[in-house]
Amino acid sequence: MHELNFHDATFEKCLKCHVCTANCPISSASIDFGGPKHLGPELKRLTDNQQIIDDHRIELCTLCGTCDISCPENVHISTLTSYLKAIHNEQQGTKFRDFVLGNAELVGKIASAFAPVTNVTMKIKPIRKMMQMLMGIHADRQFPTYQFHHFHRKYNKKQSSTKRKVAYFVGCYATYNAPEVAEAFVKVMEYNHIEVAIPEQKCCGVPMFANGQMKQGLKNATYNTDKLLEYTRQGYDIVMTCTSCTLAFKKEYTSFLRTEEANELATHIYDANEYLRQLYDQDELNVDFAPTEVKAAYFAPCHMKGQGIGNPTMDILELIPGYEIQDLAASCCGQCGTFGFKEEKYEYSMKLGNDLAETVAEVDSDYTVTECGMCKNQLNQVTNKLVRHPMEIILESYEKAHNR
């Protein structure tokens, strides 16, 4: 059984002000969820040094981290709810569906090996209905496509020979679903005279944490920490194109592992646009961008907001001459990683998604920009706008400037 005395007593700082609940996306979508205050610090107070209480409503927590951002006393609410998810999982057992959804890397390897068949099959309505009946994955949920020629088949350089050294933690989505994002990142680095190395790595663990599979998530966290420290101690910076992966290394690993190694590694972790912004601040960024007349809308993933680094994506894209980008200033998209695939969560997911769709329609941009693959999946389902990753846009501008 997981213990709840895993962290410092920051929950005692909770003022019961309900700011976290007021800002919680699920609390705004339904009264079924008890809210982060109740299922975080309040439940911790109630069960401290007493018998653990298993509250099934913890399943509605998406671990978006909005509660942490909004808390005026910096209470680590999502850390508390992560462990409560693990306790609930241990007491009630892991559903086969949740095991599958929690193992994104395993699913990616298998689905990509049979990519053409996988992608066609997942669009057949009777099969989707059968999946809902047998597994509890909603038949109307759109799935991301998988690529047979995934990123690891194309690029596997282990060392960098340039002055600045970047080790790229690719993540499951850019590896198996969107290798074009990973390829774009490597090329963007090349335009800045940086060679990219790819360390040995496993899934960041976020899908496991979200599905209560804490033990496996911690194994992945320990493995990744050990492998990436081999690079940082050689002078590498660790850069990621997925905001969920980045937040995991900066926040979850330090909170859950509680080791000097995790803290050391966190100081070397960068979101890709955060890294480009740092290069710009140090007058090292290649700013030879081709002018373009584009009106874009930016959707900030919850896991980007949770990093507390401002808005590096807009900071970089605004360097492109003529590029107009507007922050949608929207709440959670509702996909929430694996949350939006689940039959019993689909209603909540789509309520949030439809609210976002209205905002996108009001802005009426040429396309939407976001860093998160799962946010892209939701945006593709609820809007008719093309969704692009910032790395693809930056690379496009570099290439146009190079070829003019």
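Predicted model: local features only at pLDDT ≥ 70, side-chain atom pairs only at ≥ 80, totals over all residues.

User: Is alanine 139 buried or exposed?

Analyst: Relative accessible area decides this: buried means under 20%, exposed over 50%, and partly exposed in between (1.4 Å probe, protein chains only). Contact means heavy atoms within 4.5 Å, and beyond its neighbours within four places in sequence alanine 139 is in contact with Lys125, Arg128, Lys129 and Gln132. Its relative accessible area is 3%, so alanine 139 is buried.

User: How far apart in space are alanine 139 and phenylalanine 341?

Analyst: Along the sequence, 202 residues separate alanine 139 and phenylalanine 341. In space, C-alpha to C-alpha, the separation is 8.8 Å.

User: And methionine 133, is that buried or exposed?

Analyst: Methionine 133 lies in helix α9. Its C-alpha is separated by 38 Å from that of aspartate 364, 231 residues apart along the chain. With 73% relative accessibility, methionine 133 counts as exposed.

User: How confident is the predictor, on average, over the protein chain?

Analyst: pLDDT is the predictor's confidence in each residue, from 0 to 100. In the protein chain, 93% of the residues score at least 70, and the average pLDDT is 91. Over residues 1-8, though, the pLDDT is below 50, and this stretch has 24 contacts in the model beyond near neighbours in sequence. For the protein chain, then, the average is a pLDDT of 91.

User: Which element gives the most to the lining of the second largest pocket?

Analyst: A pocket is found on a 1 Å grid over the protein atoms alone, as an open set of points where a 1.4 Å probe fits, with protein on both sides within 12 Å along at least five of seven lines; lining residues have an atom within 4 Å of a point. The second largest pocket is lined by 22 residues, with Gln142, Phe143, Pro144, Thr145 and Asn377 nearest its centre. Elements giving two or more residues to this lining are α8 (115-121), α11 (171-177) and α21 (373-382). The most, four residues, comes from α21.

User: Which residues does asparagine 119 contact, leaving aside neighbours within four places in sequence?

Analyst: Asparagine 119 is found in helix α8. At 18% relative accessibility, asparagine 119 counts as buried. Its contacts, with those neighbours left aside, are Thr145 and Tyr146.

User: How many disulfides does the structure hold?

Analyst: A disulfide is a pair of cysteine sulfur atoms within 2.5 Å. For cysteine 203, the nearest cysteine sulfur, that of cysteine 172, is 3.7 Å away, so cysteine 203 is in no disulfide. Cysteine 302 is in no disulfide either, as its nearest cysteine sulfur, that of cysteine 332, is 4.0 Å away. The number of disulfides in the structure is zero.

User: Last one: in which helix is serine 349 found?

Analyst: Serine 349 is buried, with a relative accessible area of 0%. Not counting residues up to four places away in sequence, serine 349 touches residues including Arg141, Cys333 and Gln378. The helix is α20 (residues 346-363).

Definitions and conventions: Residues numbered from 1 in each chain as written. Heavy atoms only, no water.
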